[in-house]
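Please read the following report alongside the sequence and the coordinates of the complex. It moves from confidence to individual elements.

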Amino acid sequence: MSLTSLWRAATQHRLFWPVAALVALLVINVPFTPGFFEIHLKNGHLYGSLVSIVLFGSPLILVAIGMTLVIATGGIDLSVGAVVAISGALACLVVSKQADQDSVAGVLLAFALALAVALVCGAWNGLLVARLGIQPIIATLILMVAGRGIAQLITSGQIITVNSDAYSLIGGGYWLALPFSLFVVALVVVLSMALTRRTALGLLVEAVGGNAEASRLVGIRSRRIKIMAYMFCGLCAGIAGLMISSNVSAADGNNAGLWIELDAILAVVIGGTSLTGGRFHLGGTIIGALIIQTLTTTIYTIGVPTQTNLVFKAVVVIVVCLMQSSVFRAKVFGARAKRRGPAQKSPGAAADAAPQMEVSS
Amino acid sequence: MIDRRSFLTAGAAVSAAGILAACAKKNPAKSTGPDSSGSKQITLGFSQVGSESGWRAANTQSVKEAAKAAGINLKFSDAQQKQENQISAIRSYIAQKVDVISFSPVVVTGWDTVLKEAKAAGIPVILTDRSVETSDPSLYVTLVGSDFEIEGERAAHMLEKVLAGHKGPVKIAQLEGTTGAAPAIERAKGFGKIMHASHPEWTIIASQTGDFTRAGGKQVMAAFLQAHSDIDVLFSHNDDMAIGAIQSIQAAGKTPGTDIKIVSVDGVHDGFVAMSKGQINAIVECNPLLGPQLMDAVKTVHAGKGSTLPRWIKTKEGDYTADQAAAALPSRKY
């Protein structure tokens with residue numbers, strides 16, 4: 001009795017299905033790569049598939065966290081990929097112009113400039129959405145298209161290569177034997193969780209997302225909250241851009257962060273945040289981003305033929321989203337769901353997830 | 001309140017300025033159109049794939065410079081790796097009645113409709129860099145570009161040189177280009193041809209697309225190294241993916257160029273830098289500087305002598321090994 005109720009409690013938890021999907025994906029790798037879970041120490045840092053997933057997945061986690069808050073306000077930010085490209089391009093340009101590329105001061109200056117521009121990009125989106133009342137999907141589409149052009153302008157269409165150990169730390173380096181990007185992600189996660197769950201800010205964000213007009217009438221500065229969400233999203237994308245360019249020590253205006261907005265939205269949705277706004281789950285988003293990165297790594301390690309990559313990805317994503325939909329589960333495992341009764345039915349977000357998939361997969 | 005208002009005004013001013021600038025840019029472009037055709041200047045509409053790599057940037061620059069030098073009015077557009085962008089660019093060139101259309105196809109198939117439209121409008125088409133599959137060979141005049149299959153064969157021959165003296169089986173990992181792109185398909189084909197014909201000891205144990213980018217090459221190679229501890233050779237379809245892969249090989253505690261031999265295609269500047277450090281063992285050049293050859297072809301076609309051109313004008317290319325890298329590095333233009 002206690003076991004079944006424990007099981008029921010676990011399956012009822014909103015993170016159950018995302019975590020189950022992540023674990024299943026990781027386990028699938030084992031028959032193909034027997035040492036998949038092994039972690040070794042190589043050249044003074046940890047090395048293994050799990051480390052790679054965290055290292056290559058960090059930028060997506062960051063972008064998805066920013067995206068979560070924007071989506072929670074009932075918006076969406078399509079421009080994150082372009083902001084990634086702009087931030088990486090600008091930082092690499094600044095570093096490459098310096099006489100001593102290894103100088104920490106120079107690299108910090110590059111970071112500061114890139115992040116400042118990322119914040120401006122976010123503020124631009126926020127002002128278009130909150131002040132001018134443009135539909136978020138249209139407002140951010142402007143920067144999605146134009147931003148990539150700006151990034152190409154910064155790099156003059158070339159790939160800017162930097163040779164700076166200081167610069168390569170944030171996205172490709174190691175600290176205390178762990179990928180440095182892990183610490184950056186942890187810092188952003190802890191800060192955003194503390195700000196949204198330990199203060200009233202998270203509640204305000206959800207209130208604005210639930211009904212912007214009503215929240216304004218009860219005295220919440222809903223426009224300001226929205227602008228802040230977009231700026232935070234821009235900042236996260238900016239940090240992700242630094243990581244991506246730092247990871248390969250090069251800025252590629254055309255390809256850096258290409259389609260990352262779709263992966264980020266997908267991560268947010270898999271994590272149980274409703275695209276209609278009004279509620280968000282940062283923890284779920286992180287799991288969602290890890291699922292997507294694990295999926296990518298899995299495709300490479302199990303040797304899925306190149307032509308079937310996208311089909312494989314689509315099938316997995318569809319299955320994950322369907323499993324999260326309580327409506328779908330009720331239809332397929334009908335008997336069990338009936339016994340549980342209607343009380344447990346449809347916690348909005350999960351039910352929404354399945355149809356919304358069509359957009360992002 | 002003042003802040004909000006002044007911001008709105010500023011925003012409006014900025015966007016108005018943007019629109020004005022856009023108009024100002026467009027107007028002269030439109031007016032030069034009829035002028036130039038009147039003064040017999042050839043107008044060439046060129047649709048580039050994108051700017052996905054240093055190679056492509058050099059290719060773009062070569063086309064632009066050669067057009068200027070040849071006195072050809074160039075209308076240039078960047079398709080950002082999307083076929084639909086390229087098709088709409090070609091349609092707009094047809095609508096603008098340019099004299100010759102040239103483009104580097106993003107993918108191999110799906111061009112028949114738009115090429116028929118160009119033919120119906122009487123505008124000759126010259127392909128550059130990459131070929132297309134079409135049911136009607138009269139849809140384009142000629143292709144100026146590299147023979148990717150031969151490049152794959154040359155890469156296999158370079159690998160023979162790199163492996164000279166090596167006995168026993170050779171396990172190869174392959175980083176493919178963008179799925180469906182001609183260079184990816186043909187380079188794999190050419191390499192496989194030589195491998196199957198004369199090297200039964202070679203096996204490709206892993207092959208995956210890295211989308212011709214550094215980040216792609218790095219991520220795919222990291223996964224390859226996890227799944228296969230015994231990779232002897234990396235064959236990369238371009239230098240950028242090889243450069244990304246080198247970083248993953250180093251992270252895995254192996255020495256690129258020694259523990260894992262690397263053969264790559266392209267010959268971009270950064271590729272030569274890596275080769276001069278011994279990280280890449282051999283590079284098969286794929287020359288992007290085909291602008292002058294393209295402009296010659298455009299002039300010939302415009303003069304109505306298109307039938308005298310060969311179906312395929314091949315670019316001039318060389319092969320390089322690590323010991324030649326340092327000497328060749330200063331003269332690399334791309």
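The paragraphs below treat confidence, then chain B and its strands, then helices of chain A.

This is a predicted model, in which local features need a pLDDT of at least 70, side-chain atom pairs count only at pLDDT 80 or more, and totals for chains, interfaces and linings use all residues. Residues are numbered from 1 along each chain as its sequence is written, while chains are lettered from A and ligands numbered from 1 in the order in which they are written.

The predictor assigns the complex an ipTM of 0.84 and a pTM of 0.81. For chain B the pLDDT (the predictor's confidence in each residue, from 0 to 100) averages 86, and 88% of the residues score at least 70. Confidence in chain B is lowest in helix 1 (residues 2-38) of chain B, with a mean of 46, and highest in strand 8 (residues 233-236) of chain B, at 97. Over residues 16-38 of chain B the pLDDT is below 50, and beyond near neighbours in sequence this stretch has 6 contacts in the model, a contact being two residues whose C-beta atoms, placed from the backbone, lie within 7 Å.

Chain B holds 11 helices and 12 strands, which are DSSP runs numbered from the N terminus (helices H or I, at least four residues; strands E, at least two). Of its 334 residues, 50% are buried, where buried denotes 20 or more other C-beta atoms within 10 Å of the residue's own, with C-beta atoms placed from the backbone.

In strand 8 of chain B, V233(B) and F235(B) point one way and L234(B) and S236(B) the other, and all are buried. The table lists two pairings of this strand; strands pair if DSSP finds at least two bridges between them.

| Partner of strand 8 of chain B | Sense | Bridges |
|---|---|---|
| Strand 6 (residues 170-176) of chain B | parallel | 4 bridges |
| Strand 9 (residues 261-266) of chain B | parallel | 4 bridges |

A173(B) stands opposite L234(B), and K261(B) in strand 9 of chain B is the bridge partner of V233(B).

Turning to chain A, helix 7 (residues 165-172) has A166(A), Y167(A), I170(A), G171(A) and G172(A) buried. Their cover includes helix 4 (80-97), helix 5 (104-131), helix 8 (180-198) and helix 11 (222-248) of chain A, together with helix 8 (239-251) of chain B.

Finally, in the contact between helix 13 of chain A and helix 14 of chain A, I291(A), L295(A) and I299(A) from helix 13 meet N309(A), F312(A), K313(A), V316(A) and V320(A) from helix 14.

Technical notes:
Buried ≥ 20, exposed ≤ 12 C-beta atoms within 10 Å, placed from the backbone.
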